[in-house]
Amino acid sequence: MFENLSDKLTQTLRGIQGRAKLSEENVSDALRDVRMALLEADVALPVVKTFIEQVKTKALGTVISNALNPGEQFVKIVHDELVHTMGDANDALNLAAAPPVIILMAGLQGAGKTTTVAKLARYLSEREKKKVAVVSADVYRPAAIAQLQTLAAEVKAHFIESTADEAPLAIAERAVAEAKKQFADVLIVDTAGRLAVDEAMMGEIRSLQDTLQPVETLFVVDAMTGQDAANTAQAFNQALTLTGVILAKADGDARGGAALSVRAITGKPIKFLGMGEKSDALEPFYPDRLASRILGMGDVLSLIEEAERKVDKAKAQKLANKITRGRKFDLEDFRDQIDQMANMGGISSMLDKLPGAGQLPPGAQAQLDDGLFKRMGVIIDSMTAHERRFPDVINGSRKQRIAKGSGTEVPDVNRLLKQHKQMQKMMKKVSKKGGMQKMMRGLQ
Ligand code: GDP
């Protein structure tokens with residue numbers, strides 16, 4: 001995510017970071033590069049102008065006069081300005097109103113609106129422990145209603161039926177009544193998308209807003225459309241007051257122009273990021289964490305939160321007990337570790353949040369692809385329980401059988417066994433007294 005912008009900015013800032021002294025000229029050179037990076041990222045021009053002016057004022061005021069690490073301070077000023085441009089702090093959904101809290105969702109066709117409705121339903125039920133109902137008022141595309149029904153079943157949200165021959169307003173009113181009857185905490189209303197902003201669409205969604213009086217009216221934009229996303233959101237915001245924006249498809253956006261333009265152009269917060277097609281790929285939007293990620297400083301906080309949420313604690317504890325008792329880390333355990341990693345969104349999503357990972361040589365990054373872990377899982381699945389527990393019995397003919405069963409080659413099986421051995425050695429170190437500290441030292 002945002003790798004082009006990130007590469008350009010980190011390169012520029014690396015040049016200035018180490019300097020013991022900064023002149024006005026150094027600062028203006030760096031600012032020129034930052035400006036270029038933002039423009040290439042498709043950040044809206046007025047936003048770029050304000051950004052550069054702010055950084056310039058602060059930098060000239062503090063950096064040059066202060067002898068202590070002026071380069072570092074410059075980086076901090078850029079970081080803080082990124083945070084500010086994206087809205088300073090996380091703006092959570094307002095869920096305190098009387099139930100059902102109504103969330104109205106709007107967006108252009110293909111932006112990712114219906115997928116986002118399902119993601120949000122899952123997020124609210126899993127993370128906020130809310131009972132969620134969803135309904136589609138998109139009477140123009142029966143396929144859209146069916147799509148929501150399928151997704152609702154997948155995320156276990158209560159789906160309120162609707163048909164193409166009902167009026168959107170009638171659907172909305174009926175849905176509110178049913179949500180109340182069901183004691184739903186939240187009702188998410190999906191609306192019709194259009195190819196472009198048009199009057200009829202605006203009129204319809206405006207009357208839905210009047211009738212429903214939603215607590216949240218969220219506009220879903222496609223991050224890949226850059227500053228256009230911010231302009232479309234603003235056109236909507238002028239017609240009906242939005243409470244926030246969800247940036248879908250941020251996972252595929254190398255530039256970051258939408259993320260950096262939306263707040264400044266619309267005055268409305270980005271509340272969530274869509275990070276993939278799956279229903280769990282929705283992240284709350286934290287400007288400070290994203291700014292750190294953009295500047296290659298990682299986002300360890302999100303990583304820890306994700307680990308706390310997604311790692312199976314009982315299994316982790318069992319493994320820890322087993323290892324401290326001096327038992328061997330076998331291939332079953334290895335399989336569990338691979339699953340846990342997949343649960344956390346795979347290696348690529350984790351790398352994205354690790355400080356400095358962006359600076360890894362491309363070769364090293366490629367070696368860590370998610371397909372590799374899937375393949376490793378399949379190889380282990382092709383072994384017998386006995387082989388998983390006692391990997392030493394795996395001889396040549398067994399290797400051939402395992403390779404055949406998993407659709408891989410014998411060298412792949414060998415590689416996996418070697419990786420397991422390395423992991424086993426590491427676990428052994430951990431199990432010895434003070435092993436953890438030793439291991440950490442080894443990694444530094
Ligand atoms: P709608 O017309 O706005 O309701 O759009 P859909 O929800 O049908 O989504 C359009 C396409 O975008 C689908 O193929 C989705 O799987 C995909 N999509 C939606 N959100 C994301 C996201 O956050 N990341 C990625 N990579 N794809 C997404």
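In this predicted model, T114, V117, A118, A121 and R122 of helix 5 meet A144, Q147, L148, L151, A152, E154 and V155 of helix 6, where contact requires C-beta atoms, placed from the backbone, within 7 Å of each other. By class, this contact has eight nonpolar, two polar and two charged residues; Ala, Val, Leu, Ile, Met, Phe, Trp, Tyr, Cys and Pro count as nonpolar, Asp, Glu, Lys and Arg as charged, and the others, Gly among them, as polar. Helices are DSSP runs of H or I with at least four residues and strands are runs of E with at least two, numbered from the N terminus.

Two packed helices are described by the angle between their axes and the distance between the axes. The axes of helix 5 (residues 113-127) and helix 6 (residues 142-155) come within 9 Å and cross at roughly 25°. Axes are lines fitted to C-alpha atoms over the stretch in contact, and angles run from 0 to 180 degrees between N-to-C directions. Helix 5 and helix 6 are therefore roughly parallel to each other, a term for angles under 35 degrees.

Helix 5 also gives the most to the shell around the ligand, with three residues. This shell holds 18 residues, of which G112, K113, T114, T115 and G274 come nearest; a residue is near a molecule if its C-beta atom, placed from the backbone, lies within 6 Å of it. The shell divides into four nonpolar, ten polar and four charged residues.

The axes of helix 9 (residues 227-239) and helix 10 (residues 257-266) come within 7 Å and cross at roughly 30°. That makes helix 9 roughly parallel to helix 10. On the side of helix 9, the contact is made by Q227, A229, A230, N231, A233, Q234 and N237, and on the side of helix 10 by G257, A258, S261, V262, I265 and T266.

Helix 11 (residues 287-294) is mostly covered, with seven of its eight residues buried, that is, with 20 or more other C-beta atoms within 10 Å of their own, all placed from the backbone. These are P287, R289, L290, A291, S292, R293 and I294. Just after helix 11, G296 takes a positive phi of about 70°.

Over the protein chain, the secondary structure comes to 21 helices and eight strands, and buried residues make up 40% of the 444 residues.

Residues are numbered from 1 along each chain as its sequence is written. Because the model is predicted, local features need pLDDT of at least 70 and side-chain atom pairs count only at pLDDT 80 or more, whereas totals for chains, interfaces and linings use all residues.

Conventions:
Parallel < 35°, antiparallel > 145°, perpendicular 65-115°, else oblique. Contact = placed C-beta atoms within 7 Å. Buried ≥ 20, exposed ≤ 12 C-beta atoms within 10 Å, placed from the backbone.
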